[in-house]
Structure formats: C-alpha cells, structure tokens
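Here is a friendly note to read with the model open beside you. Take the points in order and find each residue as you go.

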Amino acid sequence: MEKIKAGLIGCGRMGAFTSEKVRKNAPSFWFPLSHYDALMSHPSICEIAVSDEDKDNLGRMGAEYDLKNRYLSPLEMLQDFKPDLLTIATRTNGRALLIKQGIESGVRALHIEKPLCNSMKELSLLEGLIKNPNIYATYGTIRRFLPVYQNAVKIAKSGEYGKLKEIKISFGSAMLFWTHPHAIDLMLYAASGSKVIGVQAFLAGVSEGLYKANILSDPLVISATVYFESGLTGCITQSLGSDMTLTCEDAEISVRGDGHVTDIYKAQAGKTYPVRRPLAIDNGDVTFGGTFLAIDELIGCLRGDKDRINSNADNKKDILLGQRVIFAMVQSHIENSRIIDLEEIDPQMKIEAITNGKFA
C-alpha cells in the first residue's frame, strides 16, 4: 500500500479544531492532537475526506483548510470516497453504528474517540467486529502511545524498585464517560494483560431512566478500583492534576500534569521517610506526538508491520475491555458498590451519559 486515503467523521474540537486552552497548556508531545491535524501531518496520507452533519463545521473545514472532499452524510463519504483508514470524532451516541458502517464499507483501520459505545448490546456487536484480526483499531485514550507514559511503565516494571503493586490515576473531580476512559486505559496498559477479576465503584449524580441499568446522566466518579489477577490494583481518585502514579514496593514513579512533571518518591539511605525528587523520563520526539502516534500504528498495520499488528492486537483487547470496565463500574454502584465480576454486568446496561442536554 503506497499511499493511504483517510476519512474523518466529526469536525469539532477533537476532530479538527483543538481548543486554544489545550494548545496553550498541554506539553508539546501531545501534538498534533486533533484527528485532522494528525492525518495531515502523516506523510503516508495522500488524501483526506471529512463528514459532519453540521454545515457550519464543514464550511469552516473548507475555509481553513481549502478541503474539497466534504460530506454531510458519513455513509455517503464511506461509499463515495472509500477511505482506507477512518477516524471517528463524534459524540458517543451513534458511534457504534458508524464503526459498523465503516468496517462494512471496507475500512480496515479505525481511530475512534472514547468512549466506544453506550450499551452492552452495542459492545457485543463491536466485539464481533473489532476482534477480527484483519481489522485494526486505536482509541482516543492516547497516553499509552506517548513515550513519557511508556517509559514510566517500563521503569516501574523493571524490577529496580520491586514489584509494581498499584496504579493510581487522578483527574480531579471528573465524569465516567467524559474523562475516565483515559484512567481505565492507563490502568490496563500498565497492567500489561493481567486479567481483571473485579471492579468496584462509588459514583455520584446517577440519574436512572426507564429501568435500573438505564442511566441517563454521565456519573461523577467518587472512587473506583480495578482488581487484577496478578495482585495489582488500579485506583481512580479525585486528587488534583492529570496524574499517573505507579507504586512499587520501594518507590513511586509519577507522571504529573499530563507529562509536564515526572518524579520519583523514594527512601534515601539513612532517612526515615521517602523523599520526592525529579526523575528524567524520555518524552520522545516532540515533532510528532499525540494522535499522530496512534495513526502511525494503524498505518504500520495496514502495511503489514508484524510488530505493529501484534501491538494493535493487545490495544484492541484493552479498548473492548476498557468499555466493559466502564459498565462494570456502574453495575457495582447500583449494587451498593459490591465488587463486580465482568460477567455480572446486566446485558441491558445502557448509559446515555447526557450532561446539559448533550451526549458525552
């Protein structure tokens, strides 16, 4: 495959127009962040088409990027333009159908914003599609592609500081669908395939719909714990910052503020208490980071790179497992925060995740 045609569905903030707040504050290795910026940056992408039901968004794409291939209908874009690679940056409602339509139209590589879907019924459908070894998928939880997180996990699992015992993720006071797919994916990435044996959560702002497992709101996560077969635990807290802390037997390795700060908390010889000090962790090539790295994995898969294909197989498992963990957290909450096995989720579970009249 010489050059690759790419299609984008959804031309909003994550699709094409990264917010100015993020541009000003995020570390440089988070960019290019929007799907369109990442696609434009990749030398293997020869042509891009976009689709959005909002005419204003399409008009802005034409004005700012002089883009000719613009469609109001995603299905028309898929059928007419026939992309090799598809990115989906819509809100969650309806996303499962778009994934299905993309794969059925012949797309083999997809980068999908989080969360994956709204219901267990949709997840069951997507599991059948995404598990296909000839389909490649990456997810909007892109921290696993950023070298600073990869290298922090390598340090924590090197054995130098003993066994990795706990993964703590802190994104402040945040909602389950809107924010915590990031937390869950980081846990699964650091756990490196260890089986999830239990999920426990306490939520707030849970608004029930027609039945108990139909949740209209996007709940606030007060606390949540994922238990792994290896003995590792993953914890979501309401602590400040966008932080990941990896607790080993003899030290804690932290990536703070989305990678602005990296440090180690460790006892020093002759001292009673641990001391926190800076720890240099490689941030990688700042020229092409962010969503570009996820797109690059997909392109490697399309070109038959066996290492990328093997890596993506693990990534796909975590995408599907992460969505199941989200539903398990809600199941735990509605059962008085009981520890839930992943097979105990109500098959009728559906999370609308509506905030201020908008889907997550």
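1. Start with helix α8 (residues 181-191) and helix α10 (residues 306-334), which pack at an angle of about 125 degrees with their axes 9 Å apart. Helices here are DSSP runs (H or I, at least four residues), numbered from the N terminus. Axes are lines fitted to C-alpha atoms over the stretch in contact, with angles from 0 to 180 degrees between N-to-C directions.

2. The model is predicted: local features need pLDDT of at least 70 and side-chain atom pairs pLDDT 80 or more, while totals for chains, interfaces and linings use all residues. Residues are numbered from 1 along each chain, and side-chain values use heavy atoms, without hydrogens and water.

3. α8 and α10 are therefore oblique to each other (under 35 degrees is roughly parallel, over 145 roughly antiparallel, 65 to 115 roughly perpendicular, the rest oblique).

4. Where do they touch? The contact (heavy atoms within 4.5 Å) involves P181, I184, D185, L188 and Y189 of α8, and D318, L321, G322, V325, I326 and M329 of α10. These residues divide into eight nonpolar, one polar and two charged.

5. The largest cavity has a volume of about 40 Å³, counted as the space filled by probe spheres set on the points.

6. Which residues line the largest cavity? They are Y139, P181, I184, D185, D318, I319, G322, Q323 and I326, with lining meaning an atom within 4 Å of a point. The largest share, five residues, comes from α10.

Conventions: Helices (H or I, at least four residues) and strands (E, at least two) are DSSP runs, numbered from the N terminus. Ala, Val, Leu, Ile, Met, Phe, Trp, Tyr, Cys and Pro count as nonpolar, Asp, Glu, Lys and Arg as charged, and the others, Gly among them, as polar. On a 1 Å grid over the protein atoms alone, a cavity is a set of points where a 1.4 Å probe fits but cannot get out, and a pocket is an open set with protein on both sides within 12 Å along at least five of seven lines; lining residues have an atom within 4 Å of a point.
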